[in-house]
Amino acid sequence: MKKLALHWKIIIGLVLGIIWALLSSQLGWSDFTIDWIAPFGTIFINLLKLIAVPLVLVSIISGVANIGDASSLGRMGGKTLLAYLITTLFAVSMGLLLVNVIQPGKLIDEQSRIDNRISYEIWAASEGHEIKDGINYLQEPAFFERAQKITDLSRSELKDAAVTEKMETAKKTKETTPLQPLVDLVPENFFFSLTSNGLMLQIIFFGIFFGVCLLLIPNEKSQPVTTFMDSAMEVFLKMVDLVMQAAPFFVFALLAGVVSKMAGDDIGKVYEIFKGLSWYSLTVFAGLMLMIFIIYPLLMKLFVKIIPYKGFFKAMAPAQTLAFSTSSSAATLPVTMECVEENLGVDKKITSFVLPIGATVNMDGTCLYQAVAVVFLAQLHMIDLTLGQQLTIVLTATLASIGSAAVPSAGLVMLIIVLESVGLNPAWIAIIFPVDRILDMFRTVVNVTGDATVCTIIAKGEDMLNYVPHENPSETFDLDS
């Protein structure tokens, strides 16, 4: 009997997790699922993150040290950042195009939009913001009584703890100086940086710095360190293989927990959440699917050529299914590295340098979602954003993606900054908050696919690509491989 591929086992675990969550919701067992099954999903993400931080460090040092000379490193670093910037601009532009064509915010009933518009004007007046399009519903006597009720509603909505917390984080981020991202790049205490996935850029900086210094000392002194780093990387990748053996069960637990927390003991909650935000969700979903199945394969066809369409997705399937389950580029990074190296034939020198940087700075899915979300929320409040304001979204979303930590829902914090850049109410993230976790799963698949695409293109340009088609890409994670 033919062995079932790992990504199919993960998909089966994923589907069974959703079915279990819906059944337990119907039978009133949601508390049991959250208390006794969901923790295994948390353990899975923790295990992957446990491996991700040291793997990034040793792979960056190993990658830089094995490049051979500082000029090659500079060239490859420049190409990598440029490629990631171009894919990010593609993603934001795709999001803006779709949201302006579909206009999901205008498909909500008129009365709700008028209420939303009044609440926006009340907020703008209280914050001293100028009304974007010059129209003022509060000056209309017909809407005065409605405005009184909405004022109370707006105040109660702002008390949402999850939203308030994210607004505080965004406020701190926004109040920093223009060079603060550069300051944040250099760790004050490297060992403290190792304790947080959110400080991945600092770990990458140290890894590059350490690797460059290895290049500058005599070979007989650097060789033992380089050999140790290469061996340590093999150990971490074997840890990934071990964890992936149990991935189908862990993914079952993870999805069962996520859906149970959304539904509680009322299965109708999930349906109501998606019904209210269906057009917004579909617009984001359409953009993300276009990135995965059209834009990235097109870039591969233009720059790589030798990898067939189906071959690319077959090679990346284990990483993509895992990205969907965990909603974390950082947690998926070890698996992405194995897929790109073993299945796409990219040299370790490239993957160990390009992919850790991509997992931190390349947030194509997040940028696309931010572009759609901001324009959707504006449409929902009857605000027409000008071309200039939409270009501000492109710029802010692109820059914000670099500071967006590679962890679940970090994009929401950056979305607050993008909303404020065009003078809209940051508390509106509460409106799209209910569907964020599900869309975050698809966004992470885009981010991981984008990382793999850029890595393969860089490898082709550096003549370090040796693609051989695999019958079963999941064999990469067999314990004896």
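What percentage of the 481 residues of the chain count as buried?

**Exercise 1. Get an overview of the chain.**

Let's start with the whole thing, keeping in mind that this is a predicted model.

- Step 1: To settle the opening question, 54% of the 481 residues count as buried.
- Step 2: Now the secondary structure: the chain has 20 helices and zero strands.
- Step 3: Next, the contacts. Take those with a separation of 6 or more; residues 24 or more positions apart account for 83% of them.

**Exercise 2. Work out how helix H2 sits against helix H10.**

- Step 1: Find the two elements. H2 covers residues 30-67, and H10 covers residues 219-245.
- Step 2: Look at the geometry. The pair packs at an angle of about 155°, and the axes are 9 Å apart.
- Step 3: Angles over 145 degrees count as roughly antiparallel, so H2 and H10 are roughly antiparallel to each other.
- Step 4: See who touches whom. On the H2 side, the contact residues include Phe 44, Leu 48, Pro 54 and Ser 62. On the H10 side, Thr 226, Asp 230, Phe 236 and Val 243 are among them.
- Step 5: Sort the contact by class, and you get 17 nonpolar residues, four polar and one charged.

**Exercise 3. Which way does H17 cross H20, left-handed or right-handed?**

- Step 1: Locate the helices first: H17 runs over residues 364-380 and H20 over residues 429-461.
- Step 2: Their axes come within 7 Å and cross at roughly 150°. That makes H17 roughly antiparallel to H20.
- Step 3: Here's the handedness: H17 passes H20 in a right-handed crossing.
- Step 4: H17 brings residues including Asp 364, Tyr 369, Phe 376 and Leu 380 to the contact, while H20 brings, among others, Ile 431, Asp 436, Arg 443 and Gly 450.
- Step 5: By class, the tally is eight nonpolar, four polar and three charged residues.

**Exercise 4. Zoom in on Ser 193, Ser 222 and Val 394. Where does each one lie, and what does each one touch?**

The contacts below leave aside neighbours within four places in sequence.

- Step 1: Ser 193 lies in helix H8, residues 190-193. Its relative accessibility is 0%, so Ser 193 counts as buried. It is in contact with Pro 187, Leu 199, Gln 202 and Ile 203. Val 53 is 140 residues away along the chain, yet the C-alpha atoms of Ser 193 and Val 53 are separated by 9.5 Å.
- Step 2: Ser 222 sits in H10. With 6% relative accessibility, Ser 222 counts as buried. The residues in contact with Ser 222 are Leu 214 and Ile 217.
- Step 3: Val 394 is in helix H18, residues 387-403. Its relative accessible area is 14%, and the cut-off for buried is under 20%, so Val 394 is buried. Val 394 is in contact with Leu 89, Val 92 and Leu 96.

**Exercise 5. How many disulfides does the whole structure have?**

- Step 1: Recall the idea: a disulfide is a covalent bond between the sulfur atoms of two cysteines.
- Step 2: Searching the whole structure turns up zero disulfides.
- Step 3: Cys 213 has 36% relative accessibility, so Cys 213 counts as partly exposed. Cys 455, with a relative accessible area of 0%, is buried.

Terms used. Residues are numbered from 1 along each chain as its sequence is written. This is a predicted model: local features need pLDDT of at least 70, side-chain atom pairs count only at pLDDT 80 or more; totals for chains, interfaces and linings use all residues. Side-chain values use heavy atoms; hydrogens and water are left out. Helices (H or I, at least four residues) and strands (E, at least two) are DSSP runs, numbered from the N terminus. Buried means under 20% relative accessible area, exposed over 50%, partly exposed in between (1.4 Å probe, protein chains only). Contact means heavy atoms within 4.5 Å. A disulfide is a pair of cysteine sulfur atoms within 2.5 Å. Axes are lines fitted to C-alpha atoms, for helices over the stretch in contact, and angles run from 0 to 180 degrees between N-to-C directions. Angles under 35 degrees count as roughly parallel, over 145 as roughly antiparallel, 65 to 115 as roughly perpendicular and the rest as oblique. Ala, Val, Leu, Ile, Met, Phe, Trp, Tyr, Cys and Pro count as nonpolar, Asp, Glu, Lys and Arg as charged, and the others, Gly among them, as polar. A crossing is left-handed if the near helix is turned anticlockwise from the far one by less than a right angle, and right-handed if clockwise.
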